[in-house]
Amino acid sequence: MPTNSHAINDDTTVENSTEDSVDISQLRTPNKVDLSAVYGFLGARTTPDWVAAAIADLPLIIQDHANCEKKAAGTAMNLLFRYEFSYDLQRKLAQLIREEMLHYEQVLGIMNERGQEWRYLSAGRYAKGMLKHKRTYEPAAMIDVLIIGAFIEARSCERFAALAEVIDDERLAKYYRYLLKSESRHFEDYLALAQSLSTEAIDERVAFFREIEAALITSPDTELRFHSGTPA
């Protein structure tokens, strides 16, 4: 099961690799990514029961991961059109959209390699469980969306690390380790953007969503998804 170490190590790199290749065989896996900030930010760690269930149904996890990348790009695109007043926000969102769509292409390629057909998957409770607590007035609503985005990115990173520790498919494990670098940065970008829109410290709001997110991750969940809770 996952270790408690705060770093993922991998001494294998691919020569002449690029950071923006759709071909995952050309990607450079970082030698070490410090995840202590991610673990410190989250209110709970993924349970061993979720990891075991995910390993037992990798096709579902892989496709839901693809869905998550696509949804993240779509959410960022919606924000890009809605909040045009901030240069920093627009620039970060544009970068995020580009990166998330690249990851979506990469996961599609993994599915194709594995001969995995696309099938319908309903959305899990995770994002909805946090978004229902979003405030309804601006800029508070935008601040909450960005804080929620930070938790989604941090949780994704934590789960990539957990899966990479135990997965038998080394190619997939290396891809998850490759994703750690960008995902570990995304949550901090979201938090910085949220704070930039607020005249007050956002710590109290972050703590509020930390409790909600941790409860969604640790409580029983009847559906297995990339961000689901403990299997019921």
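Mentor: A residue counts as exposed when its relative accessible area is over 50%, as buried when that area is under 20%, and as partly exposed in between. The model discussed here is predicted.

Trainee: Is Arg82 buried or exposed?
Mentor: The relative accessible area of Arg82 is 57%.

Trainee: Which class does Glu138 fall into?
Mentor: Glu138 has a relative accessibility of 38%. A residue is buried under 20% and exposed over 50%. The value for Glu138 therefore makes this residue partly exposed.

Trainee: How many residues apart are Arg82 and Glu138?
Mentor: Their side chains form a salt bridge, with 3.4 Å from N to O. The pair links distant parts of the chain: Arg82 belongs to helix H3 (residues 58-82), while Glu138 is in the loop between helix H5 (126-131) and helix H6 (140-166). The separation is 56 residues.

Trainee: What kind of peptide bond joins Glu138 and Pro139?
Mentor: Pro139 lies in the loop between H5 and H6. For the bond from Glu138 to Pro139, omega is about 5°. That peptide bond is cis.

Trainee: How many salt bridges does a search of the whole structure find?
Mentor: In general, side chains of opposite charge can pair when their charged atoms come close. The cut-off applied is a side-chain nitrogen of Lys or Arg within 4 Å of a carboxyl oxygen of Asp or Glu. Over the whole structure, the number of salt bridges found is 14.

Trainee: Which helix holds Glu99, the residue paired with Arg185?
Mentor: Arg185 is partly exposed, at a relative accessible area of 34%. Its side chain meets that of Glu99 in a salt bridge of 3.0 Å, N to O. The two residues are 86 apart and link distant parts of the chain, with Arg185 in helix H7 (residues 170-196) and Glu99 in helix H4 (residues 87-113). The helix that holds Glu99 is H4.

Trainee: What does Asp144 count as, buried or exposed?
Mentor: The side chain of Asp144 meets that of Arg135 in a salt bridge, 3.0 Å from N to O. Arg135 is partly exposed, with a relative accessible area of 25%. Asp144 has 0% relative accessibility, and therefore counts as buried.

Trainee: Why is H6 called oblique to H8, and which hand does the crossing have?
Mentor: The axes of H6 and helix H8 (residues 203-218) come within 10 Å and cross at roughly 45°. That angle makes H6 oblique to H8, because angles under 35 degrees count as roughly parallel and those from 65 to 115 as roughly perpendicular. The hand of the crossing is right-handed.

Trainee: How do the residues of the contact of H6 with H8 divide?
Mentor: H6 and H8 cross in a right-handed sense. H6 contributes Asp144, Ile147, Ile148, Phe151, Arg155 and Arg159 to the contact, and H8 contributes Arg205, Val206, Phe209, Arg210, Glu213 and Ile217. By type, these residues are six nonpolar, no polar and six charged.

Trainee: Is Arg205 buried or exposed?
Mentor: Arg205 is found in helix H8. Not counting residues up to four places away in sequence, Arg205 touches His133, Arg135, Asp144 and Ile147. Its relative accessible area is 19%. The cut-off is under 20%, so Arg205 is buried.

Trainee: How many Å apart in space are Ile202 and Ile143, C-alpha to C-alpha?
Mentor: Ile202 lies in the loop between H7 and H8 and is buried, with a relative accessible area of 8%. Leaving out residues up to four places away in sequence, Ile202 touches Ile143, Ile147, Leu191, Ala194 and Gln195. Ile202 and Ile143 are 59 residues apart in sequence, but in space their C-alpha atoms are apart by 8.4 Å.

Trainee: How many Å apart in space are Met77 and Leu93?
Mentor: Met77 is found in helix H3 and is partly exposed, at 33% relative accessible area. In sequence, Met77 and Leu93 are 16 residues apart. From C-alpha to C-alpha, the distance is 7.3 Å.

Key
Residues numbered from 1 in each chain as written. Predicted model: local features only at pLDDT ≥ 70, side-chain atom pairs only at ≥ 80, totals over all residues. Heavy atoms only, no water. Helix = DSSP H or I, 4+ residues; strand = E, 2+ residues; numbered from the N terminus. Buried < 20%, exposed > 50% of the residue type's maximum accessible area, 1.4 Å probe, protein only. Axes fitted to C-alpha atoms, helices over the stretch in contact; angles between N-to-C directions. Parallel < 35°, antiparallel > 145°, perpendicular 65-115°, else oblique. Left-handed = near helix turned anticlockwise from the far one by under 90°. Contact = heavy atoms within 4.5 Å. Nonpolar A, V, L, I, M, F, W, Y, C, P; charged D, E, K, R; others polar.
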